[in-house]
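Welcome, and thanks for taking a look at this structure with us.

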Amino acid sequence: MIMNKQTFINISNVNIGYARSDGSFNHVIKDLNLTLKIGESVSILGISGIGKSTLLHSICHFIPIESGSIEFFPGISKEPRISIVFQESTLFPWLTVEENIIYGDWIRQNPDKIDMANKLLADFRIPNTNKLYPKQLSGGMKQRVDIARAIANKPDILILDEPFGHLDYQNRLQSESYLLKVIREQEIATLLVTHNVEEALYLSDYIYILGGKPATITKEIFVTNTKWGSDDEKRFNEEFMQLKKSIEDTLLKEFSKYTELKNYLNDKEDIKNK
Amino acid sequence: MKKLVSTPRNISYLGWVIVPIVLVFWELIAINIGKPKIFPRLANIGAALYFFFFVKEGLVYKDIITSFIRALAGFYIGSLLGIIMGISTAKSVFFKYSLGRLFNFLRAVTPVALVSIVVLWFGIGEFAQIFLISWGVFFTVWVSVDLGINKVDERFIWVTKTLRKDDKLELWKVYLMSSFKVWLSGLKTSIGIAFILVFVGELAGATTGLGHRISIAYEIGRPDQVVSGLILLGGLGAFSNYGFNKLITWIFPWIEK
């Protein structure tokens with residue numbers, strides 16, 4: 001079914017970099033190609049510092065690209081509605097939860113915005129918090145309100161930059177499951193950057209692994225999630241766990257290329273061979 | 001919200017215990033020195049306060065109100081200009097390199113050192129007093145606003161740019177509101193500075209106000225009156241701080257403590 005869906009973002013031959021203070025050029029992303037269809041959920045994995053967030057920020061036009069093109073709605077020229085969620089909550093502290101949720105342009109034009117805000121809060125299991133200020137919420141609740149605000153603006157694409165990085169394990173599982181339910185229901189195209197492989201597998205249709213320096217997509221993994229049972233069960237599925245393990249190994253190898261870990265892994269190999 | 005850690009009751013009263021202890025020490029030292037013309041005893045200070053409030057009726061009220069209004073006016077003008085200039089130098093490269101440089105130089109000149117020249121230029125009167133206070137307040141507020149806006153978390157700006165496209169006014173609001181906590185601390189500091197400068201200004205170039213009253217008391221050799229003047233001045237400053245904090249939490253309930 002996914003194959004028939006309309007292409008939403010077309011990223012072709014994108015190069016991203018920035019000038020260092022000494023004048024030299026730091027090439028971060030090289031010749032990257034990626035397409036995302038409407039309603040699809042894609043994760044980008046890679047070791048830290050490889051340029052995952054840089055790529056996301058370029059898609060949002062926060063950072064300019066050097067060459068290549070990032071095209072939204074190819075064929076039709078239409079401005080996309082983008083919503084972005086960061087690792088740390090970016091709720092405006094001077095607005096109440098409700099005012100934060102109805103902040104975006106789209107929802108502001110909606111006459112029953114309050115009802116929508118209430119429904120989203122209920123979907124994310126934080127009802128009756130409308131009149132509270134962000135300082136009165138816990139970290140997990142704040143992060144869910146952040147996502148609710150992003151979704152309330154009915155985005156064409158939801159961009160998540162390590163959204164649950166700060167949450168403890170239990171809160172993370174809960175928030176992930178609410179998020180998955182909502183993006184499925186509303187068919188929101190989602191682009192997720194994370195260092196947590198389990199999260200990526202749980203939430204996405206495709207996983208792209210960034211590697212190399214400058215970075216490009218080194219591996220594309222289609223995540224078949226229908227066979228793994230319900231959303232709650234799939235984390236414990238054998239295949240899910242094997243895939244998780246193999247991706248984690250790939251990342252670890254990539255990581256070891258650039259760090260001290262290289263020696264450690266080699267030693268380990270040597271011991272094994274003996 | 002429920003506080004998880006509350007101050008134990010017996011500790012919160014400590015403030016009321018420390019004041020009598022200080023008073024007892026003061027009295028002991030005064031008795032030991034035995035020269036009330038230099039180090040007044042509590043009874044002398046009490047008598048001076050009584051004299052201020054009940055014998056020379058009205059005079060001290062007038063002094064307090066005069067000093068308070070000067071501090072308030074200077075604080076108001078200085079912080080208003082400081083906020084406007086802080087926004088300008090933070091958001092415009094032109095202002096940053098022109099006025100910003102100038103302010104950084106002038107900021108290094110202690111306002112206390114300006115007293116003589118201000119009195120020379122503007123004479124003894126309200127203008128000179130308020131000018132001096134505004135000067136001190138201005139630079140403190142300017143620095144904190146400039147810093148606050150420069151340090152705004154860009155993710156707030158990004159979120160605004162994606163959720164509220166082309167809404168320039170909203171973007172300004174986000175710059176101001178998300179740096180508010182930083183420049184609030186500048187405002188709080190400048191209340192203290194305003195009261196220092198009220199005193200310094202009145203000491204040198206005024207014929208009214210608490211600073212002037214203290215200076216007269218010194219000249220006529222009445223340390224009891226000097227000390228009671230200082231108590232009133234300190235109380236006025238503490239009251240202003242308290243009032244400002246209450247006002248801020250009332251207007252901006254979202255501020256994190």
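In chain A, 70% of the contacts with a separation of 6 or more are made by residues 24 or more positions apart. Please keep in mind as you read that this is a predicted model.

**Chain A as a whole**
- You will find 10 helices and nine strands in chain A.
- Its radius of gyration is 20 Å, close to the 19 Å that the globule rule gives for 274 residues, so chain A is as compact as a globular protein of that length.
- Taken along the principal axes, the box filled by the C-alpha atoms of chain A is roughly 65 × 45 × 40 Å.
- Buried residues make up 36% of the 274 residues of chain A.

**A closer look at helix α6 of chain A**
- Helix α6 of chain A covers residues 169-186, and its 18 residues should span 26 Å at 1.5 Å a residue; the end C-alpha atoms are 26 Å apart, which agrees.
- Which residues of α6(A) are buried? They are S175(A), E176(A), L179(A) and I183(A).
- Seen down the axis of α6(A), these buried residues fall within an arc of 105°, so they line one face of the helix.
- The packing partners of the buried residues of α6(A) lie in chain A: the strands β3 (41-45), β6 (157-161) and β7 (189-193), together with the helices α5 (139-152) and α7 (197-203).
- Just after α6(A) comes E187(A), which takes a positive phi of about 50°.

**Where chain B meets chain A**
- Chain B brings 13 residues into contact with 16 residues of chain A.
- Helix α9 of chain B (residues 154-163) supplies six residues, the largest share of the side of chain B that touches chain A.
- Sorted by class, that side of chain B has eight nonpolar, four charged and one polar residues.

- The mean pLDDT of chain A is 82, and 91% of its residues reach 70 or more.
- Within chain A, confidence is highest in helix α2 (residues 97-101), at a mean of 92.
- Confidence in chain A is lowest in helix α10 (residues 261-273), at a mean of 59.
- Where pLDDT is low, the predicted coordinates should not be read in detail.

Notes:
Residues numbered from 1 in each chain as written. Chains lettered and ligands numbered in written order. Predicted model: local features only at pLDDT ≥ 70, side-chain atom pairs only at ≥ 80, totals over all residues. Contact = placed C-beta atoms within 7 Å. Helix = DSSP H or I, 4+ residues; strand = E, 2+ residues; numbered from the N terminus. Nonpolar A, V, L, I, M, F, W, Y, C, P; charged D, E, K, R; others polar. Rg over C-alpha atoms; globule rule 2.2 N^0.38 Å. Buried ≥ 20, exposed ≤ 12 C-beta atoms within 10 Å, placed from the backbone. Expected span 1.5 Å × (residues − 1). Arc of directions from axis to C-beta. pLDDT = per-residue confidence, 0-100.
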